[in-house]
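Subject: Handover of a structure and its description

Dear colleague,

Please find the structure below, followed by an account of what was found in it. Kindly keep it open while you read.

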Amino acid sequence: MASDEVVPTARLRAGDLALFLLLLGLLALGGSLLHAALDRAGAHQRSEPARQLAQELGLTGLALFTEARYTRHPELSDQHAPFQNHPLTLEHFPSGTWVPPPRHLHD
Amino acid sequence: MTEWRSTLARQRYLLDFTVAAMKRRRARNLGLLLVYGGMVFLLASVLFYTGALKHEAGLLLAEAPEIVVQRMVAGRHDLIPETHAETLRRIRGIRAVQGRLWGYHYDPVVRANYTLLVPPSDDIAPGTTVIGPALARARGAGIGDVLSFRGHDGALRAFRIQAVLPQESGLVSADLFLVAEPDFRALFGVPAGQYTDLALRIPNAREIQTVAEKVLETLPDSRPILREEMLRTYDAVFDWRSALVLLPLSGALLAFAILAWEKASGLSADERREIGILKAVGWETGDVLAMKLWEGGLLSLLAFLFGTAAAYWHVFGLSAPLLAPVMQGWSVLYPAFRLTPAIDATQLLALFFLTVLPYLAATLVPVWRAAVTDPDEVMR
């Protein structure tokens, strides 16, 4: 009799969830790497004004750490004076590293 | 083919069993996954951010002068006279020597340092200025507005803003204040024929080192700074800053390492009994190891994949809001910029070997020990 036969049903196995999550993770990371590759051309275009300006003005430093002269242009700071003229002076001494920023910066 | 299929089916059953076992300890495993993923996220964020900044610095400084020559007086950077430039022009291998005029001005209004610079083309009319985007933002100034500074002689000098540099160039121009040569000299009292430093152009890259040696020989009071050294300085700056982020994190990393080691290597009584029962009902050592490998592999791979992907979007999608304050330091003027995604296989492999492999190793060793022991002994 046909009614005695076991009809196979599509049932989600416990391991399928793990495989699905792994696949999702792979897609997330793969998608990120793909985005990195595709964005390369756009990023090149985005940074063109900065490159052009650096070339025109003969700039030698990045405007990332503008708080003091030796951090604004660490590449051109005096090598010989160990304090106030050394690149990374703030971080050079352990106490300098942990001193909080001046109050006006976070008020 | 059949053998391959049966191996696959066997592994899927093992995976089913592993996931079912993990579900029984759901809270513990989910917690571990979250902490593990968070650690990977933080490590990857620092790695990606630092790598991208180094890449950006390399791209932007590729066109910087091959050598910058400073004059040193009593161990300090001093103004360099035009006569030094003329001496250097006679050295073979140097195509051009350009006197640069630049300096800093502290503006008490916004309590920020500006970088004042005279463009080499000197196409700025006296009395006017072109300013960087972060400076314009900090002062709330735009084209046509007037900014005034007190000069070295105490006299107030006004500059009408002729243009604001584009936002996209912020990484090199955030704090720039471009002025005409006469204005610069009048503001700082720099006499004619004196420069801040000299920029040398050397067409043949292989001659740079030799030229630097000749510069030192010809002008013993000078300090030549090579472009390679500038890039190395930035590498060191970014490495140091990333170390500063990782240092406070190291406590958390250590705590996680202990947690993971404890979880992975110290088998609980339940787990030991489970292994004993499995062995008693006929599981082979290889099966027990495979099951634990699935468990460790699932946890570490999921943490690695999701942690790394989240770090990518944190750094390159959102411009790393969690790391920016550390990189920013005390700067009032800070550029708004988007980093170019620069990830290489070495970074990913380093991250993989640092995060996934130790966990897998820590999982397998104790399980193997328990699995090769007599089931009766294990269950006691």
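**Strands around β12 of chain B**

Strand β1 (residues 67-73) of chain B pairs with β12(B) in the antiparallel sense, over 3 bridges. Helices and strands here are DSSP runs (H or I of at least four residues for helices, E of at least two for strands), numbered from the N terminus. Two strands count as paired if DSSP finds at least two bridges between them. This is a predicted model, in which local features need pLDDT of at least 70 and side-chain atom pairs count only at pLDDT 80 or more, while totals for chains, interfaces and linings use all residues. Residues are numbered from 1 along each chain as its sequence is written, and chains are lettered from A and ligands numbered from 1 in the order in which they are written.

Within the pairing of β1(B) and β12(B), Val69(B) has Leu198(B) as its bridge partner. Strand β4 (residues 96-100) of chain B also runs antiparallel to β12(B), joined by 5 bridges; here Gln98(B) is partnered by Ala199(B). Of the 5 residues of β12 (197-201) of chain B, 4 are buried. A residue is called buried if 20 or more other C-beta atoms lie within 10 Å of its own, exposed if 12 or fewer do, and partly exposed in between, with C-beta atoms placed from the backbone.

**An open sheet in chain B**

Chain B has an open sheet of 6 strands in the order β5-β6-β10-β7-β9-β8, with mixed pairing. Because β5 (102-107) and β8 (146-150) of chain B are the edge strands and have a single partner each, one side of each is left without a neighbour in the sheet. From one strand to the next, the twist averages 35°. Angles run from 0 to 180 degrees between N-to-C directions, and axes are lines fitted to C-alpha atoms, for helices over the stretch in contact.

β5(B) pairs with β6 (residues 112-117) of chain B in the antiparallel sense over 6 bridges, and Gly103(B) has Leu116(B) in β6(B) as its bridge partner. Helix α6 (residues 181-188) of chain B packs on the sheet, where it touches β5, β6, β8 and β9 (156-164) of chain B. The direction of this helix makes about 145° with that of β9(B). Residues are in contact if their C-beta atoms, placed from the backbone, lie within 7 Å.

Chain A has 6 helices and 0 strands. Of its 107 residues, 27% count as buried.

Leaving aside residues up to four places away in sequence, Ala54(A) touches Leu59(A), Leu60(B), Leu61(B), Glu63(B), Ala64(B) and Val172(B).

**Domains and single residues of chain B**

Chain B is divided into domain 1 (2-60 + 233-379) and domain 2 (66-226), with bounds from an automatic or database domain assignment. The C-alpha centres of these domains of chain B lie 48 Å apart. Their contact takes 8 residues from domain 1 and 12 residues from domain 2.

Two residues in the loop between α10 (285-317) and α11 (324-328) of chain B deserve a look: Ser319(B) and Ala320(B). Ser319(B) has a positive phi, near 60°, in a residue other than glycine, and Ala320(B), also not a glycine, has a positive phi of about 50°. Are these residues buried or partly exposed? Ser319(B) counts as partly exposed because it has 14 C-beta neighbours inside 10 Å, whereas Ala320(B) is buried, with 21 other C-beta atoms within 10 Å.

Note on methods:
Contact = placed C-beta atoms within 7 Å.
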